[in-house]
Amino acid sequence: MAAQLYKTASGRLFHAGSVAIITVGLPARGKTHVSRSLCRYLRWLGVSTRVFSVGNYRRERMGSIPNNWFDPQNVDAHNVREKIADECLDDLIHWLDQGEGQVGIYDGNNVTEDRRREIYTKLTAHNINTLFIESICTKPEIVYANIRSVKISSPDYVGWDPEEAVKDYTHRIERLEQNYETISDTTLPFVKMLDVGERIIVNGVVGYLQSRIVYYLMNLHIRPRKIYFARTGKTLNDASYKDDGELSPEGHEYAMKLKNFLLAYRAQGSAAEDQGRSLMVWTSTRRKAKQTAIPFMNEGIAVKHHSVLTQMNPGEADGLTMEQLKKKFPEEVKRARQDPYRHRYPRAESYHDLAVRLEAIIMELEREKNDVLIIGHETVLKCLYAYLFDRPESDIPAISIPYSFLVEITPSAYGCKESRMRITG
């Protein structure tokens, strides 16, 4: 909830009422990735959002089940799975009816027209706005890559041999394909995402919040990639924001170490799935950030400068130590302790202001298919880290991105993973 523009007594925003998003599609098409990514983005906007996963409900009640349970001809198994799916949907409806949230995401296959019409009728009876999101993939290599990277690490396949897990899950998909019907009922509001976002079809989408959801989906993809965070090098006058100084000798040495370390790390650890992705470097337009990226430019690596990546403006607190702040702004220091996320010193920005400013770069980051290194000030990296890891706004000021460390972030369907490495060399 970092970039929430305003608050209401009901906790609901944009005059949108309650909204249910229903995923549609065969397994390994990116539905869970879409569900969790969209949930994270809406929470970032301040919209109370929750994912209701049919798969999780099934695992909680039945554990791991044999493949024949997904056979459409197995009527008993079908009835049990449908009962669990209805239980999940009922919980979503109850959550929205009680005013506990605004957007519920129903993450399941929902592959038949009859099932989708049943869900739509049920939600409409509770005055819940509905949007279907169908994930379609016509490229076998993408489906296979998704099975390997996501499904063999899912709770259904704990302890399985990876190759056996791939075979089993592929067989499960083949069973479900027998009954799969793509959305053709144009009376339903829907978005179709084809081939991990290469093409999008939108039908009957109405409302500001729903339009924001479509805008986000237009920037989303599920291709594997890496995101790296690193601090800018130190300057000759590191405490001053206004000075925008040159890198110090230590800062130049750090910039070279960062380049050498990251390129060596990528050359060593490149897995087959990482091949073919270029590295891009993003920085702010501040002098120290641009100079930290120069060693990468000299290697022929593309560097982009974004003004929105500029650090949080400290205003009249610029260059002051804590003791000086206490003397000059004693009341402001007290307010900063009470609400470090929203507080601004005179003529300064708050973390909240910075989070709102960063939405444009968040969209570009979601859209980018290559690996990205973001070289930035700690205030900027804290906000981006909070977005990627779905952390609450209250956590942002305390997040630590240490100097001389490289943070590697790997987005996946079940959330981001990170590793932190000291920059050596």
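Q: Where does aspartate 185 lie?
A: Aspartate 185 is in the loop between α6 (162-177) and β5 (190-194). Helices (H or I, at least four residues) and strands (E, at least two) are DSSP runs, numbered from the N terminus. This is a predicted model: local features need pLDDT of at least 70, side-chain atom pairs count only at pLDDT 80 or more, and totals for chains, interfaces and linings use all residues. Residues are numbered from 1 along each chain as its sequence is written, and side-chain values use heavy atoms, with hydrogens and water left out.

Q: Which side chain does a polar contact of 2.5 Å join to aspartate 185?
A: Arginine 117, through a polar contact of 2.5 Å. A second polar contact, also 2.5 Å, links the side chains of aspartate 185 and threonine 187. Polar contact here is a pair of N or O atoms within 3.5 Å; within protein, one must be able to donate a hydrogen and the other to accept it, and residues adjacent in sequence count only if both atoms are side-chain atoms.

Q: OK, new topic. What's the strand order in the open sheet of 6 strands?
A: The order is β9-β8-β10-β7-β11-β12, with mixed pairing; two strands pair if DSSP finds at least two bridges between them.

Q: And which strands stand at the edges?
A: β9 (302-305) and β12 (417-422); each has a single partner strand, so one side of each lacks a neighbour in the sheet.

Q: In what sense do β8 and β10 pair?
A: Parallel, over 5 bridges. Tryptophan 282 stands opposite isoleucine 374 in β10.
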